Amino acid sequence: MPSPNPRLQTAIRNIHLWVGLVVGILFCLMSLSGSLIVFRADIEHALRPRWTATSPARPQSVLTEAARNIRQRWPGARIVSLNIPPVAADSNLHDPYEFDTRLPDGRAAHVFVDSRSGEVLGTFDLPWLAWIVDLHHDLHLGPTGKRVVGAIGIGLFFTSLTGLTVWMIRKPNWRTALRVRTRKSWKAANFDLRRSTGLVANALLLTVSITGIYLAYPYTIQRALGVAPDKAPGKTKAGRENPEGKIRESKPIEELLAAARQALPAGSVRQLRFADKAGHGQVAVRIWAPGDLRAEGSNRVTLDPTTARILQVDRASHWSPMKRLTQSATPVHYAEWGGLPLRVLWAFLGLVPPVLFVSGFLMWLQPYFARRKAVRANSLISVEELVG
């Protein structure tokens, strides 16, 4: 599909070149960290200690007992969320419950408790992995860094798109599109490697960049697409639920989960996010149902913590096609679905930008290498003439 406009070809080629050169290092940083993040759950599960519970107790309300034990161990600690592992096929296997907890000194801790007795088993964190995750999310710069990461995603999108366009506006030979000429010069091998790698991974890179852009600017894109923005659980209206304005104790965790299961009986509870403090805020319960892409579930039930009354039910089966598309950005970007094969594919995909950046940088330096070679050749000729 040759283009009749050489200026357009040059403009597209220059955009591809300079965007890749200017932000290529950041492309590599994001892609390599993303290759590791897709295995985050696997790494944490493999390195987590294999605790053995010592308590023989089997309380009827295990989760409530677990919350009580956490508060006894760390007085003043606030439980932020509860992650419930999927039921194992082997009934003899009991993965511990994981409580995300904010300790009194402000530190975050992942507290694991025995799923049969509620006994606190211990805490486990991988600071180096958390550091890499934060680097990928916002470059350790907070909201500003998140916008910068979104700009990097935009750059990756245009680099991938213009790279494909540069190849298409020529006269591509489909039979040799994926060929790498290793017996030719290193310049030819480098060019072929760049072309074939880019063609194979281009569609996936476009997918990763688009989903990354959405994660950086979710509300902006939702408004542009006419999708109702996701709302974080707000505060309970005191006038309706607590006319006296007094702080009330939250219902037991089991009662809150029972109410959520009643709202969506066909699903499996995976996560519960608690109110900020007793009597204030709402409780959000994530429920996984067959067909959900998100590991913690796409369905959400919002509850009043003091009464366990259902305030809102967000069913994934009722989403519009556009909302379903936007909500798939997170699980697609982080390979939360598809199992190990997709995570491995995504990890290899993260190696593509470094390969393209290095090969493109070498192509950009080729005129410099050619000039140096010409200068050396002329110097040799001059020396020979003087000697002769």
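Strand E6 (residues 283-288) pairs with E7 in the antiparallel sense, over five bridges. Strands count as paired if DSSP finds at least two bridges between them. Helices (H or I, at least four residues) and strands (E, at least two) are DSSP runs, numbered from the N terminus. This is a predicted model, in which local features need pLDDT of at least 70 and side-chain atom pairs count only at pLDDT 80 or more, while totals for chains, interfaces and linings use all residues. Residues are numbered from 1 along each chain as its sequence is written, and side-chain values use heavy atoms, with hydrogens and water left out.

The hairpin of E7 and E8 has six residues between the strands, and in it Ala 308 takes a positive phi near 65°.

Five of the five residues of E7 (residues 299-303) are buried, so the strand is largely enclosed by the rest of the structure. Buried means under 20% relative accessible area, exposed over 50%, and partly exposed in between (1.4 Å probe, protein chains only). Asn 299, Val 301 and Leu 303 point one way from E7, Arg 300 and Thr 302 point the other way, and all are buried.

The largest nonpolar core has 33 residues, of which Leu 82, Phe 99, Ile 253, Leu 272 and Val 285 touch the most other members. E6 and E7 are among the elements that each supply at least two residues of this core, and H9 gives the most, with six residues. A nonpolar core is a set of buried Ala, Val, Leu, Ile, Met, Phe, Trp, Tyr and Cys residues joined through side-chain atoms within 4.5 Å. Leaving aside neighbours within four places in sequence, Leu 82 is in contact (heavy atoms within 4.5 Å) with residues including Leu 63, Phe 99, Ile 253 and Leu 272. A second, separate core of 12 residues includes Val 332, Trp 346, Ala 347 and Leu 356.

Over the whole chain, 43% of the 388 residues count as buried. The chain has 13 helices and eight strands. Among contacts between residues at least 6 apart in sequence, 60% join residues at least 24 apart.

Finally, Leu 351 lies in the loop between H12 and helix H13 (352-387). Leu 351 is partly exposed, with a relative accessible area of 41%.
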